[in-house]
Amino acid sequence: MATCFWLRSCGARRLGSTFPGCRLHPRAGGLVPAPGPAPGPAQLRGYAGGLPGLSAALLRTDSFVGGRWLPAAATFPVQDPASGAALGMVADCGVSEARAAVRAAYEAFCSWREVSAKERSSLLRKWYNLMIQNKDDLARIITAESGKPLKEAHGEILYSAFFLEWFSEEARRVYGDIIYTPAKDKRALVLKQPVGVAAVITPWNFPSAMITRKVGAALAAGCTVVVKPAEDTPFSALALAEILLHHAANSVKRVSMELGGLAPFIVFDSANVDQAVAGALASKFRNTGQTCVCSNRFLVQRGIHDAFVKAFAEAMKKNLHVGNGFEEGTTQGPLINEKAVEKVEKQVNDAVSKGATIVTGGKRHHLGKNFFEPTLLSNVTQDMLCTHEETFGPLAPVIKFDTEEEAIAIANATDVGLAGYFYSQDPAQIWRVAEQLEVGMVGVNEGLISSVECPFGGVKQSGLGREGSKYGIDEYLELKYVCYGGL
């Protein structure tokens, strides 16, 4: 989620600090390298775990404020969720560091907002190129920290970089309007101007994708960004952005949020079973079920129910392989921590106690405390935890239904609405269901729907605003109406 908000007026004050996260200085002629040497080896600390493929230079443990690497007063450990090995101690930024970062960002904004669209475009494109050049190292860092399979980590880096590419192009297309008024001697102009500083709080499951979706749009718009990627430091998060809506409302801050989901995956009798199973695998088990758009509830019509459950179970056994994310062939890494495993275990036990049947999986995996078997449940009912509580794990509960109306009612019986999926070969039904599902994104005969060119976001309590697409940059822009008279 991200929060964009105004700080005090820039006035005539100019700045000498660099843009946060970039060793560049603003000046009238453009951007030039910041003075002074770049951080040297003495400022780097390596991974302690000795995981395969990781260089000691891949982890920087200090905070980055105002163009400088600064030590924090406290640190916290980062561990490999597969083995439990310590990867390193990183800065645990508090209130003072957060305020310093916002202050530096605000000062940079006073010049950054005046950088031409073409220059902003060029800088974002340079960032994209750097990500592509360093994609292998970036993927290794993600796998080490989150446990996801290396192949998926590579996919995340490419997906993230594509947002930078997209917004580098959109930076040159922030257009306004001219409105002709009834008065012959007046003209009305609508300008789009950057909001200001954006505080971005990123989740652990897709950190690079969230950062580039938000930051790319903000920089394209002319905003300066502060990035705070740790969820487990609430005091710093509050100091940065005060993101909870009631806090933001106190000073009328603009808020853009991408929150949780409880995605329904509906399979109608007319569906192609093999196609639906392939989509179910892709949608449910990406990152071991730890994404906000993962299918959480599988609603299968009675006529196709048994065939789908059988085929789904067979596909899970054949295609899903649990292991360390660095190992060849792994498709299912560990969950992020043991608390996440306990949640999946609790939902499985609750469902079984209320009459659900374990088709496959159902228990912790022998590889370690953070691993859980890919699990398929049948005979699931709506009173079970797994049907109204987001799992964030490798659990697929199947609910049998009879009519289209029943499926829609079950799918919409939640206070969140991020993504939804359904499979049908009936053209009329496809239009009806797509329009009736109360979600921000719908996959029709498709289990993977995210794309940089399309608006990502939800309805109800799944969030506010959209990321990606031509709409994503609007979150970081204010409209200004100018009435020009005296023609």
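Colleague: How many residues does helix H2 have, and how far does it reach?

Modeller: Helix H2, residues 117-133, has 17 residues and reaches 24 Å from its first C-alpha to its last. That is close to the 24 Å expected at 1.5 Å a residue, where the expected span is 1.5 Å times one less than the number of residues. Helices here are DSSP runs of H or I with at least four residues, strands are E runs of at least two, and both are numbered from the N terminus. Bear in mind that this is a predicted model, where local features need pLDDT of at least 70, side-chain atom pairs count only at pLDDT 80 or more, and totals for chains, interfaces and linings use all residues. Residues are numbered from 1 along each chain as its sequence is written, and side-chain values use heavy atoms, with hydrogens and water left out.

Colleague: Thanks! Which residues of H2 are buried?

Modeller: Arg120, Ser121, Leu124, Tyr128 and Met131 are buried. Buried means under 20% relative accessible area, exposed over 50%, and partly exposed in between, with a 1.4 Å probe and protein chains only.

Colleague: Why are they on the same side of H2?

Modeller: They cover an arc of only 100° around the axis, which puts them on the same side; the arc is that of the directions from the helix axis to the C-beta atoms. On the other side of H2, Lys126 and Gln133 are exposed.

Colleague: What do the buried ones pack against?

Modeller: Four helices: H1 (95-112), H3 (135-146), H4 (150-170) and H5 (207-221).

Colleague: New topic, the sheet. What is the strand order in the open sheet of three strands?

Modeller: The order is E8-E9-E23, with antiparallel pairing. Two strands pair if DSSP finds at least two bridges between them.

Colleague: Which strands stand at the edges?

Modeller: E8 (177-179) and E23 (477-484) do, each with a single partner strand, so one side of each has no neighbour in the sheet. Strand E9, residues 187-194, is joined to E23 by eight bridges, and Ala188 stands opposite Cys483 in E23.

Colleague: How exposed is Cys483?

Modeller: Cys483 counts as partly exposed, at 42% relative accessibility.

Colleague: Last one: where is Asp350, and what is it in contact with?

Modeller: Asp350 is in helix H10, residues 338-353, and counts as buried at 13% relative accessibility. Leaving aside neighbours within four places in sequence, Asp350 is in contact with Met384 and Leu385, contact meaning heavy atoms within 4.5 Å.
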